[in-house]
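Morning, everyone. Please look at the model on the screen while I talk.

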Amino acid sequence: MRKVDLLFAEYSKSHRNATNKFIHWICVPLIFWTILGFASMIPAPHLCASYLGCISIVSVVVIILITLFYIRLSFVITMIMLFIMLLMEHLIYLTNISLGKQSWVVYLSVFVITWIFQFLGHKIEGKKPTFLKDLQFLLIGPIWLLGFILKKAGIRY
């Protein structure tokens, strides 16, 4: 069995309850977005492209590190997640442009609220979050959701 499948199986053990799964479908992408949003707020030079916006060098480094983690697991998942992260970065750019230095309030608010719901989901599930056992599961959550979409679409990852 491939490592990605083993990680998905381990992650699934504490995500069987329908309510917990529903909460994760909403909260995991939002938490991922806020992490990238926080990275974008760190003062650093930006790379800019017409019609796309700007991305912080710090965000680029974070995306590269996440991509290196994912590439060990699945090329297909990596390419899709890279696209998703760049799309999120564009939304982060729009948030930062419209709210300026107050963007951190949005990222912090969404981060705290979504984590409250995540822990509520695990309370309903009756099982601790897998990342408490192994921190790599913080990065498995987003691709675990993507794995469901790919399976439904009949795409091998």
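This is a predicted model: local features need pLDDT of at least 70, side-chain atom pairs count only at pLDDT 80 or more; totals for chains, interfaces and linings use all residues.

Numbering runs from 1 along each chain as its sequence is written, and side-chain values use heavy atoms, without hydrogens or water.

Pockets, then. A pocket here is an open set of points on a 1 Å grid over the protein atoms alone, where a 1.4 Å probe fits, with protein on both sides within 12 Å along at least five of seven lines. Lining residues have an atom within 4 Å of a point. Volume is the space filled by probe spheres set on the points, which are joined across faces, edges and corners.

The largest pocket holds about 370 Å³ of space. Its lining has 21 residues. Nearest the centre are Ile 31, Trp 115, Phe 137, Leu 138 and Leu 139. Which elements give two or more residues to that lining? They are α2 (18-41), α5 (103-125) and α6 (137-152). Elements are DSSP runs numbered from the N terminus: helices are H or I with at least four residues, strands are E with at least two.

Nonpolar covers Ala, Val, Leu, Ile, Met, Phe, Trp, Tyr, Cys and Pro; charged covers Asp, Glu, Lys and Arg; the others, Gly among them, are polar.

The second largest pocket has about 220 Å³ of space. β1 (46-49), β2 (53-56) and α4 (75-99) each supply at least two lining residues. α4 gives the most, with four. Among the lining residues are Leu 47, Cys 54, Leu 86, Glu 89, His 90 and Tyr 93. By class, the lining has eight nonpolar, two polar and one charged residues.

On to the core. A nonpolar core is a set of buried Ala, Val, Leu, Ile, Met, Phe, Trp, Tyr and Cys residues joined through side-chain atoms within 4.5 Å. Buried means under 20% relative accessible area, exposed over 50%, and partly exposed in between, with a 1.4 Å probe and protein chains only.

The largest core has 31 residues. Phe 8, Phe 32, Ile 77, Met 81, Ile 140 and Ile 143 have the most contacts inside it. Helices α1 (3-12), α2, α3 (57-71), α4, α5 and α6 each give two or more residues to this core. α6 gives the most, with seven.

Take Phe 8. Leaving aside neighbours within four places in sequence, Phe 8 contacts (heavy atoms within 4.5 Å) Ile 77, Ile 140, Ile 143, Trp 144, Gly 147 and Tyr 157.

Last, salt bridges. I mean a side-chain nitrogen of Lys or Arg within 4 Å of a carboxyl oxygen of Asp or Glu. How many does the structure hold? Three.

Asp 5 pairs with Arg 2, closest N and O atoms 3.1 Å apart. Asp 5 is partly exposed at 22%, and Arg 2 is partly exposed at 37%.

Glu 10 and Lys 13 pair at 3.2 Å. Glu 10 also meets Lys 133, at 2.2 Å, N to O. Glu 10 lies in helix α1 and Lys 133 in the loop between α5 and α6, so this pair ties together parts 123 residues apart in sequence. Lys 133 is exposed, at 58%. Together, Glu 10, Lys 13 and Lys 133 form a network of salt bridges.
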